[in-house]
Amino acid sequence: MVAARLEDEGEVVEPLPWCRWAWRAWHALSDDRQWRSGGMGPSTPCGIPWSVARAYAADHGHDLRLLLRLLRAMDGVYAEWWAERVKEVSEKKEQ
């Protein structure tokens with residue numbers, strides 16, 4: 001079951017060493033994001049809130065401007081991935 005799940009998810013992402021700290025922050029803060037109601041469709045993820053990123057940067061001694069820039073980039077990729085997944089699932093339901 002685990003192997004099938006991993007196969008469905010595609011390649012594992014291995015961030016470059018210089019940005020692993022931001023990758024860890026993105027994962028640590030992902031539960032703090034809000035979700036936009038989809039109306040008649042599924043919800044979509046919002047970006048990680050600025051206030052949460054600010055607190056994380058202060059607590060861990062990271063540069064807030066750089067952290068925000070990297071978080072926003074990862075949030076954008078995540079939103080695109082989420083939209084693709086929703087489209088795939090809806091197409092499977094229609095078949």
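## Salt bridges

A salt bridge is defined here as a side-chain nitrogen of Lys or Arg lying within 4 Å of a carboxyl oxygen of Asp or Glu. In this predicted model, Asp 75 forms such a bridge with Arg 72, the closest N and O atoms being 3.7 Å apart. Asp 75 and Arg 72 both belong to helix α4, where 3 residues, about one turn of the helix, separate them. Salt bridges with shared partners join Arg 33, Arg 72 and Asp 75 into one network. Arg 72 is partly exposed, because its relative accessibility is 35%.

The side chain of Asp 75 also meets that of Arg 33 in a salt bridge, at 3.1 Å from N to O. This pair links distant parts of the chain: Asp 75 is in helix α4 (residues 64–94), while Arg 33 is in the loop between α2 and β1 (35–36), 42 residues apart. Asp 75 has a relative accessibility of 8% and therefore counts as buried. Arg 33, at 6% relative accessibility, is likewise classed as buried.

A search of the whole structure finds 3 salt bridges. One of them joins the side chains of Glu 14 and Arg 20, with an N to O distance of 3.2 Å. Glu 14 counts as exposed because its relative accessibility is 58%. Arg 20 has a relative accessible area of 28%, so Arg 20 is partly exposed. In general, side chains of opposite charge can pair when their charged atoms come close.

## Overall architecture

The secondary structure of the chain comprises 4 helices and 2 strands. Along the sequence, these elements follow the pattern α-α-β-β-α-α.

The chain has 95 residues, of which 23% are buried. Among contacts in the chain with a separation of 6 or more, 48% are between residues 24 or more positions apart.

## Packing of helices α2 and α3

Two packed helices are described by the angle between their axes and the distance between the axes. For helix α2 (residues 20–29) and helix α3 (residues 50–60), the axes come within 11 Å and cross at roughly 130 degrees. The two helices α2 and α3 are therefore oblique to each other. The crossing in which α2 passes α3 is right-handed.

On the α2 side, the residues that meet α3 are Arg 24, Ala 25, Ala 28 and Leu 29. Their counterparts in α3 are Val 52, Ala 53 and Tyr 56. By class, the contact of α2 with α3 contains 6 nonpolar residues, no polar residues and 1 charged residue.

Ser 43 is located in the loop between β1 and β2 (44–45). At 33% relative accessibility, Ser 43 counts as partly exposed.

When residues up to four places away in sequence are not counted, Ser 43 touches Trp 35, Arg 36, Ser 37, Gly 38 and Trp 82. Ser 43 and Val 86 are 43 residues apart in sequence, and their C-alpha atoms are 9.5 Å apart in space.

Key:
Residues numbered from 1 in each chain as written. Predicted model: local features only at pLDDT ≥ 70, side-chain atom pairs only at ≥ 80, totals over all residues. Heavy atoms only, no water. Axes fitted to C-alpha atoms, helices over the stretch in contact; angles between N-to-C directions. Parallel < 35°, antiparallel > 145°, perpendicular 65-115°, else oblique. Left-handed = near helix turned anticlockwise from the far one by under 90°. Contact = heavy atoms within 4.5 Å. Nonpolar A, V, L, I, M, F, W, Y, C, P; charged D, E, K, R; others polar. Buried < 20%, exposed > 50% of the residue type's maximum accessible area, 1.4 Å probe, protein only.
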